[in-house]
Amino acid sequence: VQLQASGGGLVQAGGSLRLSCAAAGRPFGYYLMGWFRQAPGTEREFVAAIRWGPGSTYYADSVKGRFTISRDYAKNTVYLQMNSLKPEDTAVYYCAQRTRPYYGGSDYNFVSSYDYWGQGTQVTVSS
C-alpha cells in the first residue's frame, strides 16, 4: 500500500479533527502531497496540498483559515488539521501523492495531477 490515511470520525460543528497520511516510502523533495474530498453524489474536490521538499502549501478557498496541511519528514507522513468544522465538510477524505516532479505549477488542484491515492477516511460533521 503506497498511502495509508487515517483520523476520520464523527465530530460536532465547530470541532476539530486531524487526518494523517503515511507514505510507504520516503517521498522525494519534488513530490506533491494532497488531500481531496468527495461527498455523496459529487465529484472529488481539492482541499489542500504541500510540496514535500520546500513545504509550500495550497488550499481551496472553502478551507482557507480553517485547515492546515503539514508534513513530518521523519515519519513520511502528511497531516491535515481541520478546525472549525462545518457540516458541509462532511465527505470521504483522500490523500494523494504526485511522484512526477512538481515545481510549483498551477495544476496542484487537479485529480489527474496525482499518481497514487489512499483508501479514504470518512469525516462526518453534525450540526
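Biologist: Leaving aside its neighbours within four places in sequence, which residues is Leu80 in contact with?

Modeller: The structure is a predicted model, in which local features need pLDDT of at least 70 and side-chain atom pairs count only at pLDDT 80 or more, while totals for chains, interfaces and linings use all residues. Residues are numbered from 1 along each chain as its sequence is written, and side-chain values use heavy atoms, with hydrogens and water left out. Contact means heavy atoms within 4.5 Å. With neighbours within four places left aside, the partners of Leu80 are Leu17, Arg18, Leu19, Trp35, Val47, Ala48, Phe67, Thr68, Ile69 and Tyr93.

Biologist: How many residues does the largest nonpolar core have?

Modeller: A nonpolar core is a set of buried Ala, Val, Leu, Ile, Met, Phe, Trp, Tyr and Cys residues joined through side-chain atoms within 4.5 Å; buried means under 20% relative accessible area, exposed over 50%, and partly exposed in between, with a 1.4 Å probe and protein chains only. In soluble globular proteins, nonpolar side chains tend to be buried together. In this model, the residues with the most contacts inside the largest core are Trp35, Val47, Phe67, Ile69, Leu80, Met82 and Tyr93, and the number of residues in that core is 36.

Biologist: Which strand gives the largest share of this core?

Modeller: Strands are DSSP runs of E with at least two residues, helices are runs of H or I with at least four, and both are numbered from the N terminus. Of the seven residues in strand β5, six are buried. With five residues in the core, the largest share comes from residues 45-51, strand β5.

Biologist: Over how many bridges do β4 and β5 pair?

Modeller: Two strands pair if DSSP finds at least two bridges between them. Strand β4 covers residues 32-38, and Arg37 stands opposite Glu45 in β5. The hairpin of these two strands has six residues between them, among which Gly41 takes a positive phi near 80 degrees. The strands run antiparallel to each other, and the count of bridges is six.

Biologist: Which residue in the turn between β5 and β6 has a positive phi?

Modeller: Strand β6, residues 57-59, pairs with β5 in the antiparallel sense over three bridges, and Ile50 stands opposite Thr57 in β6. The hairpin has five residues between its strands, and the residue in the turn with a positive phi of about 85 degrees is Gly55.

Biologist: Is Thr77 buried or exposed?

Modeller: Thr77 lies in strand β8, residues 77-82. Not counting residues up to four places away in sequence, Thr77 touches Ser20, Cys21, Ala22, Trp52, Ser70, Arg71 and Asp72. A polar atom of the Thr77 side chain lies 2.7 Å from the backbone oxygen of Lys75. The relative accessible area of Thr77 is 7%, so this residue counts as buried.

Biologist: What is the relative accessible area of Ser20?

Modeller: Ser20 belongs to strand β3, residues 17-23. Beyond four places in sequence, Ser20 touches Gln4, Ala5, Ser6, Trp35, Thr77, Val78 and Tyr79. Ser20 is buried because its relative accessible area is 17%.

Biologist: To which residue does a disulfide join Cys21?

Modeller: A disulfide is a covalent bond between the sulfur atoms of two cysteines, and here it is taken as a pair of cysteine sulfur atoms within 2.5 Å. The S to S distance is 2.3 Å in the link of Cys21 and Cys95, which connects distant parts of the chain, strand β3 and strand β9 (residues 91-98), 74 residues apart. Both cysteines are buried. The link is right-handed, with 65 degrees about the S-S bond, and the partner of Cys21 is Cys95.

Biologist: Is Ser84 buried or partly exposed?

Modeller: Ser84 is found in the loop between β8 and β9. Its phi is near 50 degrees, a positive value in a residue other than glycine. The relative accessibility of Ser84 is 41%, so this residue counts as partly exposed.

Biologist: What is the radius of gyration of the protein chain?

Modeller: The chain has zero helices and eleven strands. The radius is taken over C-alpha atoms, and the globule rule is 2.2 Å times the number of residues to the power 0.38. For 127 residues that rule gives 14 Å, and the value of the chain is close to this, so the chain is as compact as a globular protein of that length, with a radius of gyration of 13 Å.

How values were computed
A polar contact is a pair of N or O atoms within 3.5 Å; within protein, one must be able to donate a hydrogen and the other to accept it, and residues adjacent in sequence count only if both atoms are side-chain atoms.
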